[in-house]
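Here is a short briefing for a reader meeting this structure for the first time. Keep the chain in view while going through the points.

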Amino acid sequence: MAHPIVAIIGRPNVGKSTLFNRIIRKPLAITDDRPGVTRDRNAHEFEWNSRTFMLVDTGGYVLSTSDFMEQAVSEQSRLAIDEADVVLFIADVRNGITDMDNDIARLLRKSGKPVVLGIAKVDTTRYENEIYEFYNLGLGEPLPISGKTGFGSGDLLDRIVELLPSEEEMEEGENDEAVRIALIGRPNVGKSSIVNSISGANTVLVTDVPGTTRDAIDTRLVIDDQEVVLIDTAGLKRATKLKESLDYYSSLRTIRTLERCDVAIAVIDIDEGLTSYEKRLISDVEDAGKGLVLAANKWDLIEKDTMTMKRFETEIFDDIPDKAVYPVVFTSALTGQRVRKLLEKALEVNAKRHKRVKTSDLNDFVETLPHPPGSGDVRIFYATQYDVAPPSFAFMVNDEKKVKDNFARFVENCLRKEFDFEGTPIRLSFKRRGRARE
C-alpha cells in the first residue's frame, strides 16, 4: 500500500529542515542560517501512532534575487500542495506573519487540503504567547514547536496523523492484480510517446514542448493476459535558475509515483546517457525498493554497427558500475522499436522482485560461497529470505560488526548472479544473537 505524503512547506529559513531532522531523528537535511540552503529534497518514511507516512522536507533552493523570490515560493508551495495528502505549513514566531506567509496561506485555503500550522523557533517560554497572531492566517490552531529542542513535536505529529487519509482510502484502486509500471525521467525524453506506442493508441498528450505532462496519468491495458497499469509522470526539468527551485517541489510527483508502482522505467535520451537526474532517480527507485528498467530512447537516431549497443550499454554505467544490475532496453518511441520488449522486461523484473528462494537452495549457496580477500574471519552460518518486493535476506554470522561494506556487496553480487535478481533491489541484513547490520 502506498503511504500518504506529508509535505513541509514555508518560506526560506523558518526551520523546516531542522524540524524534519528532529522528527526523523537523523541529520538527513542540511541546515544552515542562510536562506535556501536545502537544495535537494529529503524524504523519509516515518511511523507515529501506528500510522506510516512519507515526510518530505521541501525546503527547496530559492534564488536570493528579490525579483524571483515571491514567484518562486508561491509556485513551489502550489506544487507541494497539489501532491501532498497533508501539508505542514511552518512559520517563524520571531518574524511574525510576513507577506509570503499570507500568500502561502491563501493558496492553502483555496486548495481545501488538510493543513497543520506549526509556529517554529519557540525555543523559550517568552515566545509562547506570541503564536496567537498566527490565527490571522485562517488555517486553524497554530501549534508552537521548536525543531532545535523538540518542543511541541509530539502534539504536531498527533495532529498530522489525525488528518491523514485512512488506510482504506489509500488502498482504493490499488488492490487489484495489475502490475503498475511507471515511466519516469526528464521531460522530452519520450515517456508519453512510449506509453502511446505500447498501448497502440494516443492515450497521452504528446508534444515536443518539455514538461507537457503535468500530472501522473494512468493507462490500463492487458498484455498476454496480464493486466498492466502504465503511469506516465511529469518529468524533472533542467536545473537552471528559477526552474531549479521549482523542480525541488515537482519531485514530490516522483516520490508519489514510486510509492504507487511496482516497476519503474527510467527513460533516458541515448545522446545524453545518464545525467545527474537519472542517477538520482535510480537511487530513489532503490530506496523505494521498486524494480527498475532503463529505456535508452531515440535509438533510431544513432548510427550503428554490430558493437554499438554493447558500447552504449558500457558507457551508460561507466561511472556507476554497481548500477549495471539494471537492464537496458534500446528503444525508439517514434518507430515502436523494442517498446514491446521494454514492457516484457519490466514484467520480468516484477516477477524477480517477487521471487522467493527456497531455504535449502539459499543455504546451499551459503556453503559454496567463497571467502573474499579482506573479509577477515567473517563466517556465515545460514541464511533465510524473510520478505519479497524487494527480496530481503537475513544472514546469520559469527559477528555482524565484522561485516564491512565490501563484504556485503560481494554477498549481494553473488546472490544476484546465483538466483538472477536482475532489475530489482535486494535487501541484506547480517545478524548475530538478534543484532543486525544492514
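Strand 4, helix 3 (residues 99-111) and strand 5 together form a right-handed β-α-β unit. The model is a predicted one. Its chain has 438 residues, and 53% of them are buried. The secondary structure comes to twelve helices and 16 strands.

**Strand 4**

- Strand 4 covers residues 86-92, and seven of its seven residues are buried, so the rest of the structure largely encloses it.
- In a regular strand, side chains alternate between the two faces of the sheet.
- Both faces of strand 4 are covered. One side carries Val86, Leu88, Ile90 and Asp92, and the other carries Val87, Phe89 and Ala91; all of these are buried.
- Strand 1 (residues 5-9) runs parallel to strand 4, and four bridges join the two.
- Leu88 in strand 4 is the bridge partner of Ile8.
- Strand 4 also pairs with strand 5 (residues 115-120), in the parallel sense and over six bridges.
- Ala91 has its bridge partner in strand 5, at Ile119.

**Strand 5**

- Six of the six residues of strand 5 are buried, and the strand is mostly covered.
- Cover extends to both faces of strand 5. Val115, Leu117 and Ile119 lie on one side, with Val116, Gly118 and Ala120 on the other, and all are buried.
- Strand 5 pairs with strand 6 (residues 142-144) as well, through three bridges in the parallel sense.
- The bridge partner of Gly118 in strand 6 is Leu143.

**Helix 8**

- Helix 8 spans residues 276-288. At 1.5 Å a residue, its 13 residues should span 18 Å, and its end C-alpha atoms are 18 Å apart, which agrees.
- Its buried residues are Tyr277, Glu278, Leu281, Ile282, Asp284, Val285 and Glu286.
- Gly289 follows helix 8 and has a positive phi, near 75 degrees.

**Helix 9**

- Helix 9 covers residues 308-316, and Thr308, Phe312 and Ile316 are buried there.
- An α-helix has 3.6 residues a turn, so residues three or four places apart point the same way.
- The cover over the buried residues of helix 9 includes strand 10 (263-269), strand 11 (291-297) and strand 12 (328-330).

**Aromatic pairs**

- With ring centres within 6.5 Å as the cut-off, the count comes to nine aromatic pairs.
- Phe46 and Trp48 form a stacked pair, 6.4 Å centre to centre with 15 degrees between the planes.
- Buried means under 20% relative accessible area, so Phe46, at 9% relative accessibility, counts as buried.
- Trp48 is at 22% relative accessibility and therefore counts as partly exposed.
- Trp299 and Phe330 make a tilted pair, 4.6 Å centre to centre with 45 degrees between the planes.
- That pair links distant parts of the chain. Trp299 sits in the loop between strand 11 and helix 9, Phe330 sits in strand 12, and the two are 31 residues apart.
- Trp299 is buried, with a relative accessible area of 2%.
- Phe330 is buried too, with a relative accessible area of 1%.
- Phe46, Trp48 and Phe53 form one aromatic cluster.

Definitions and conventions: Residues numbered from 1 in each chain as written. Predicted model: local features only at pLDDT ≥ 70, side-chain atom pairs only at ≥ 80, totals over all residues. Heavy atoms only, no water. Buried < 20%, exposed > 50% of the residue type's maximum accessible area, 1.4 Å probe, protein only. Contact = heavy atoms within 4.5 Å. Pairing = 2+ DSSP bridges. Right-handed = clockwise from strand over helix to strand, strands pointing away. Expected span 1.5 Å × (residues − 1). Phe/Tyr/Trp six-rings, centres within 6.5 Å; stacked < 30°, edge-to-face > 60°.
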